[in-house]
Amino acid sequence: MSISIVRLGAPRAADEGPRIGTVRRPPRGVPKAEFASRDYYDTWLPLLAPSAELMAQGKAAENEADWARFAKRYRAEMEGGEGARVLDLLAALSHSSHFAVGCYCEDEHRCHRSLLRELLAERGASIR
């Protein structure tokens with residue numbers, strides 16, 4: 001059992017399990033009834049997405065220093081309150097079921113999902 005970290009909209013792996021969209025907004029131009037069938041997500045969890053202001057900062061990151069500032073702020077958002085509790089829950093569930101979390105970004109290294117991978121691993125999650 002484990003968590004897969006995925007790009008939303010990419011084809012699903014055979015044993016991936018349900019997908020959780022950790023994005024601020026649903027996919028544009030896609031009817032809600034088709035989110036799952038088009039391999040976006042089964043459940044939307046925007047709580048794990050960066051705030052709108054922080055998301056803009058992450059997209060504008062031009063170098064490693066900019067990205068490091070984004071990463072520090074995103075970690076701070078996730079460590080306080082509900083985000084931390086949800087991450088703890090997902091880490092615990094990863095030991096008894098398969099599921100995936102993801103975002104739309106093409107490059108995971110410049111996406112908050114790379115930071116989600118780290119945050120989940122720090123909580124003892126089983127990650128593929």
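Phenylalanine 70 and tyrosine 74 both belong to helix H2 (residues 64-79), where they sit 4 residues apart, about one turn of the helix; helices (H or I, at least four residues) and strands (E, at least two) are DSSP runs, numbered from the N terminus. This is a predicted model, in which local features need pLDDT of at least 70 and side-chain atom pairs count only at pLDDT 80 or more, while totals for chains, interfaces and linings use all residues. Residues are numbered from 1 along each chain as its sequence is written, and side-chain values use heavy atoms, with hydrogens and water left out.

**Confidence**
- The mean pLDDT (the predictor's confidence in each residue, from 0 to 100) of the protein is 95.
- Confidence is lowest in helix H1 (residues 52-60), with a mean of 92, and highest in strand S2 (residues 19-21), at 98.

**Aromatic rings**
- The whole structure holds 4 aromatic pairs, where rings of Phe, Tyr and Trp (its six-membered ring) pair if their centres lie within 6.5 Å, and planes under 30 degrees apart count as stacked, over 60 as edge-to-face and the rest as tilted.
- The rings of tyrosine 40 and tyrosine 104 have centres 6.1 Å apart and planes at 75°, so this pair is edge-to-face.
- For phenylalanine 70 and tyrosine 74, the ring centres are 6.2 Å apart and the planes at 10°, so the pair is stacked.
- Trp67, Phe70 and Tyr74 form one aromatic cluster.

**Proline 18**
- Proline 18 lies in the loop between strand S1 (3-7) and S2.
- Not counting residues up to four places away in sequence, proline 18 touches Asp42, His98, Phe99 and Ala100, contact meaning heavy atoms within 4.5 Å.
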